[in-house]
Amino acid sequence: MSRPDIATLAVGDVIGSRTVTFDRAALVRYAGASGDLNPIHWNDKFAKDAGLPGVIAHGMLTMGTVVGLVVDWAGDPGAVVDYQTRFTKPVEVPNPGTALIEVVGTVGVVDADAGTVRVDLAVTVDGAKVLVRAQALVRL
Amino acid sequence: MANADFEGRSYPADAPYSVGREKIREFAVAVGATHPAHHDLVAARGLGYPDLVAPPTFAVVVAQRTESQYVSDPEADIDFSRVVHADERFTHHRPIVAGDELTTVLHVDRIVSRGPISMVTTRCEIYAMAQHVEVPSPEADTPGEHVATVVSTLAIRGEDA
């Protein structure tokens, strides 16, 4: 698998984009795999009683899924040395149906001396940002 | 309203979390991570790792287990049905790999309440214990090799928020 060459990268370069979908099964699978069993992610009544529009995806499911774009681009999961985000808007997951999440990765900073690149992720649902300041620092 | 007395509190290194290959594969499937280094030992070793590599947010599994010492404490006054995740940050000092025995030191860094909303920031310092060690020693300067720092902020809405 080829790795990106830091010498050829410039701020503003788009590293790639993808669309990911979540259905209720994806939420249940993530709940089990992560151990986060909060019912707002699988129980409609509980979610509504908590003041939410309905069942929402785990913020960590969104965060954990969209970084795959960066890992696949970098060619090595261990290259992601720092990864952060703020969660701004819950991702509602209908039943039946799917939530559609659009991800675009852009080079935000190139530090040739440190051998690192910061990739900024734009993560939206229906055009609205669900993650803000989603940034992955990648060692190339 | 989160109990402000917990700000600045630290907890001792907790019981080890054993990172298993199948757990890494299961978590990778759950976040749609298809990179072969999460699934295939030959691919992981080909990249220079001793075993399967965890996805970048896998440390949340370890961190949330540790954080429950604090958030599940009735004295902390955190109503989990009114919690939303505000932010999260992972800093990897080295990648987590299958076979790691991880122990975590939890710090409650900040508790701020404004009106009906409390913001609580926790920090998990995750260490890999040496192979022959089974429980973290309270006397040791450090519980092991520092592998990751996980900083998480929760927003807790009061009853009328």
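Start with Ala57(A), which counts as buried because it has 23 C-beta neighbours inside 10 Å; the cut-off for buried is 20 or more. Before I go on, please keep in mind that this is a predicted model.

Where does Ala57(A) sit? It is in the loop of chain A between helix H2, residues 44-49, and helix H3, residues 59-66. If we skip the neighbours within four places in sequence, the contacts of Ala57(A) are Phe22(A), Leu27(A), His41(A), Thr62(A), Val91(A), Val93(A) and Ala99(A). Arg24(A) is 33 residues from Ala57(A) in sequence, and the two C-alpha atoms are 8.6 Å apart.

Now the helix that follows that loop. H3(A) is mostly covered, with eight of its eight residues buried. Among them are Gly59(A), Met60(A), Leu61(A) and Val66(A). What does H3(A) lie across? In chain A it lies across E1, E2, strand E3 (99-111), strand E4 (116-125) and E5, and in chain B across E2. The helix runs at about 45° to E5(A).

Next, chain A as a whole. It has four helices and five strands, and along the sequence the pattern reads β-α-α-α-α-β-β-β-β. The C-alpha atoms of the chain fill a box of roughly 55 × 30 × 20 Å along the principal axes. Of the 140 residues in chain A, 39% are buried. Taking the contacts in chain A with a separation of 6 or more, 66% are between residues 24 or more positions apart.

On to the sheet. As a reminder, strands of a sheet pair through backbone hydrogen bonds, either parallel or antiparallel. How many strands form the open sheet here, and in what order? There are 10, and the order is E1(A)-E3(A)-E4(A)-E5(A)-E2(A)-E2(B)-E5(B)-E4(B)-E3(B)-E1(B), with antiparallel pairing.

E4(A) and E5(A) run antiparallel and are joined by nine bridges. Thr124(A) stands opposite Lys129(A) in E5(A). The hairpin of these two strands has two residues between them, and Asp126(A) there takes a positive phi near 50°. E5(A) also pairs with E2(A), antiparallel, over six bridges. In that pairing, Asp82(A) has Leu137(A) as its bridge partner in E5(A).

Then we cross to the other chain. E2(A) pairs with strand E2 of chain B, residues 83-92, in the antiparallel sense over five bridges. Arg86(A) has Asp87(B) as its bridge partner in E2(B). Asp87(B) in turn has a bridge partner in E5(B), namely Thr153(B). E2(B) and E5(B), the latter covering residues 145-157, are antiparallel over nine bridges.

What about the contact between the chains beyond those bridges? There are 30 residues of chain A in contact with 31 residues of chain B. On the chain A side, the elements giving two or more residues are helix H1 (24-34), H3, helix H4 (68-74) and strand E2 (80-87). E2(A) gives the largest share, eight residues. By class, this side of chain A has 14 nonpolar, 10 polar and six charged residues.

Now the nonpolar packing. Which members of the largest nonpolar core touch the most other members? They are Val66(A) and Ala59(B), in a core of 73 residues. Strand E5 of chain A, residues 128-139, gives the largest share of this core, six residues.

One last residue, for contrast with where I began. Apart from neighbours within four places, Thr149(B) is in contact with Thr91(B), Arg123(B) and Glu125(B). Tyr11(B) is 138 residues away from Thr149(B) along the chain, with 15 Å between their C-alpha atoms.

That is the tour. I will take questions.

Definitions and conventions. Residues are numbered from 1 along each chain as its sequence is written. Chains are lettered from A and ligands numbered from 1 in the order in which they are written. This is a predicted model: local features need pLDDT of at least 70, side-chain atom pairs count only at pLDDT 80 or more; totals for chains, interfaces and linings use all residues. A residue is buried if 20 or more other C-beta atoms lie within 10 Å of its own, exposed if 12 or fewer, and partly exposed in between; C-beta atoms are placed from the backbone. Two residues are in contact if their C-beta atoms, placed from the backbone, lie within 7 Å. Ala, Val, Leu, Ile, Met, Phe, Trp, Tyr, Cys and Pro count as nonpolar, Asp, Glu, Lys and Arg as charged, and the others, Gly among them, as polar. Two strands pair if DSSP finds at least two bridges between them. A nonpolar core is a set of buried Ala, Val, Leu, Ile, Met, Phe, Trp, Tyr and Cys residues joined through C-beta atoms within 7 Å. Axes are lines fitted to C-alpha atoms, for helices over the stretch in contact, and angles run from 0 to 180 degrees between N-to-C directions.
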